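Thanks for asking me to look this over. Here are my notes, point by point, to read with the model open beside you.

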Amino acid sequence: MANGTILVADDDTAIRTVLNQALSRAGYTVRLTSNAATLWRWVSSGDGDLVITDVMMPDENAFDVLPRIKKMRPDLPVIVMSAQNTFMTAIRASEKGAYEYLPKPFDLKELIGIVGRALAEPKRSRTETLEEGGENIPLIGRSPAMQEIYRVLARLMQTDLSVMINGESGTGKELVARALHDYGKRRNGPFVAINMAAIPRDLIEAELFGHEKGAFTGAQQRSVGRFEQADGGTLFLDEIGDMPMEAQTRLLRVLQQGEYTTVGGRVPIKTDVRIVAATNKDLRQLINQGLFREDLYYRLNVVPIRLPPLRERTEDIPDLVRHFFSLAEKEGLPPKQIETAAVDRLRRYRWPGNVRELENLVRRLSALYPQDVISAALVDQELSQPVNGVAEEEAEEGAPIDLSASVERYLNTYFQTFGDALPPPGLYHRILREVEYPLIGAALAATRGNQIKAAELLGVNRNTLRKKIRDLDVQVIRAHR
Ligand SMILES: Nc1ncnc2c1ncn2[C@@H]1O[C@H](COP(=O)(O)OP(=O)(O)OP(=O)(O)O)[C@@H](O)[C@H]1O
């Protein structure tokens with residue numbers, strides 16, 4: 001049975017009762033209080049092995065008590081709970097030295113797990129407190145998906161771990177990379193971003209690592225690379241999936257050895273940068289296609305963060321809309337209000353361009369229309385206009401797709417990415433595998449995971465199907481009905 005004394009501070013009686021029951025059942029001694037003054041009295045007299053506290057208490061905010069607790073008893077783990085589930089709450093909890101931050105409502109099992117972990121860990125002091133972050137919240141959204149991201153970010157702030165952000169275009173990958181830098185321990189150093197898709201492929205290495213005078217035609221003088229610019233700070237490698245192979249090899253070497261040479265240079269240069277990479281592609285697929293180095297993937301993917309598309313977190317739309325209207329107002333555009341029905345329309349839309357598309361829409365609504373209140377009809381009108389390629393593709397949904405033509409187009413681009421060289425051997429099986437995987441997945445989805453029916457639909461033997469599922473590692477999800 002676990003033991004130790006847990007001090008719980010929350011002005012909500014129901015939470016105190018639930019925590020008391022769960023923690024006592026797990027074997028802990030529990031002391032409960034509804035206010036910060038009592039908590040402080042207990043802590044300062046040396047009581048308790050762990051604290052669980054709400055942020056808002058009637059007499060004082062836990063974020064004001066936390067630095068005092070950490071100063072007096074740096075080893076005492078403090079778990080902070082809050083119903084104010086914003087990015088700043090998570091960050092502030094981390095900055096003030098909280099052991100863990102839990103947005104309410106939380107899962108009791110998870111809490112008990114965290115308590116056990118905190119008490120089992122060797123004591124370490126985390127006394128570093130940072131300045132107030134200010135109220136300029138960089139990331140908006142309180143959906144469960146975003147809260148989970150804030151928690152991961154908060155944990156990462158005091159580390160230098162490589163982070164890989166995956167998400168569709170416009171989901172906020174660059175914003176997250178910046179937040180990691182701005183609130184992390186490298187915030188006084190530079191943040192340098194480079195987008196692999198925006199630079200001609202043959203210049204990427206020189207751009208990243210710099211080049212010596214005369215290293216290649218057109219290199220009239222020595223130039224400093226992004227690695228050097230980012231020294232002491234963060235280097236954000238956007239669209240990493242578009243990085244050419246040679247540059248990948250060079251990057252891997254830097255990550256392994258902590259030093260590099262410029263293009264055309266011989267002297268190794270030491271580097272001290274934190275790498276945050278981002279992609280909207282499936283890097284696993286690129287690895288299978290021989291377009292991305294698996295060893296580099298593992299180096300970069302130390303902490304993966306998946307940013308959900310906006311359509312998976314529509315509950316964030318009202319907050320985002322308010323945020324973008326207020327940004328527009330700060331830029332001098334007239335203030336606007338929006339009807340509830342109009343927000344409902346926004347929540348039902350699919351947002352292929354994600355938050356960026358929503359931001360642009362709000363900007364258009366602010367700038368182009370004289371009405372003070374944005375109506376549902378106006379939103380309908382704006383959403384019905386195709387604004388970019390993605391929307392047009394969407395409009396074509398349902399139209400028959402020519403598979404051969406698609407494969408041909410795909411192959412053209414594929415060969416082009418290798419320039420004059422040939423792709424790695426094994427192309428025939430790689431391409432067939434690419435087609436087989438979705439084909440089998442679709443057959444299983446259509447038959448709700450019934451392999452007999454799926455084999456019949458595909459016209460293959462059941463054993464063949466079973467083998468394919470195993471070989472291709474297709475996820476079989478059975479319907480429970
Ligand atoms: N959670 C958020 N809160 C506030 N603004 C956001 C949020 N997510 C994205 N944005 C805004 O949406 C726009 C697009 O974000 P960002 O450029 O970070 O996306 P991205 O995923 O890096 O896109 P791409 O893959 O196309 O480069 C930016 O103007 C950003 O400020």
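1. Let's start with a pairing question: in which sense do E3 and E4 pair, and over how many bridges? The two strands pair in the parallel sense, and four bridges join them. One place to look is isoleucine 52, whose bridge partner in E4 is isoleucine 79. Please keep in mind throughout that this is a predicted model.

2. E3 has a partner in E1 as well. Strand E1 (residues 5-9) runs parallel to E3, and four bridges join the two. Here alanine 9 stands opposite threonine 53 of E3.

3. How well covered is strand E3 (residues 50-54)? It is mostly covered, with five of its five residues buried. Both faces are covered: Leu50, Ile52 and Asp54 lie on one side, Val51 and Thr53 on the other, and all are buried. For context, 31% of the 481 residues of the protein count as buried.

4. Helix H4 (residues 87-95) is also mostly covered, as eight of its nine residues are buried. The buried set is Phe87, Thr89, Ala90, Ile91, Arg92, Ala93, Ser94 and Glu95. Their cover includes helix H3 (62-72) and helix H6 (144-156), along with strand E4 (78-82) and strand E5 (100-103). Just after H4, have a look at glycine 97, which takes a positive phi of about 95°.

5. Now for a sheet of five strands. It is open, its pairing is parallel, and the order is E7-E8-E11-E6-E12. Strand E7 (191-195) and strand E12 (303-306) stand at the edges with a single partner strand each, so one side of each has no neighbour in the sheet. From one strand to the next, the twist averages 20°.

6. Within that sheet, strand E6 (residues 163-166) and strand E11 (residues 274-279) pair in the parallel sense over four bridges.

7. Which residues come nearest the ligand? Of the 17 residues around the ligand, these are Ile140, Gly172, Lys173, Glu174 and Val355. The elements that give two or more residues to this shell are helix H7 (173-182) and helix H15 (354-368). By residue class, the shell divides into four nonpolar, eight polar and five charged.

8. Helix H19 (residues 427-446) and helix H21 (residues 462-472) pack at an angle of about 115°, and their axes are 11 Å apart. The crossing of H19 past H21 is left-handed. H19 makes the contact with Arg433, Glu436, Tyr437 and Ile440, while H21 brings Lys468, Ile469 and Leu472. These contact residues divide into four nonpolar, no polar and three charged.

9. Finally, the overall picture. The protein has 21 helices and 14 strands. Among its contacts with a separation of 6 or more, 73% come from residues 24 or more positions apart.

Notes:
Residues are numbered from 1 along each chain as its sequence is written. This is a predicted model: local features need pLDDT of at least 70, side-chain atom pairs count only at pLDDT 80 or more; totals for chains, interfaces and linings use all residues. A residue is near a molecule or strand if its C-beta atom, placed from the backbone, lies within 6 Å of it. Ala, Val, Leu, Ile, Met, Phe, Trp, Tyr, Cys and Pro count as nonpolar, Asp, Glu, Lys and Arg as charged, and the others, Gly among them, as polar. Axes are lines fitted to C-alpha atoms, for helices over the stretch in contact, and angles run from 0 to 180 degrees between N-to-C directions. A crossing is left-handed if the near helix is turned anticlockwise from the far one by less than a right angle, and right-handed if clockwise. Two residues are in contact if their C-beta atoms, placed from the backbone, lie within 7 Å. Two strands pair if DSSP finds at least two bridges between them. A residue is buried if 20 or more other C-beta atoms lie within 10 Å of its own, exposed if 12 or fewer, and partly exposed in between; C-beta atoms are placed from the backbone.
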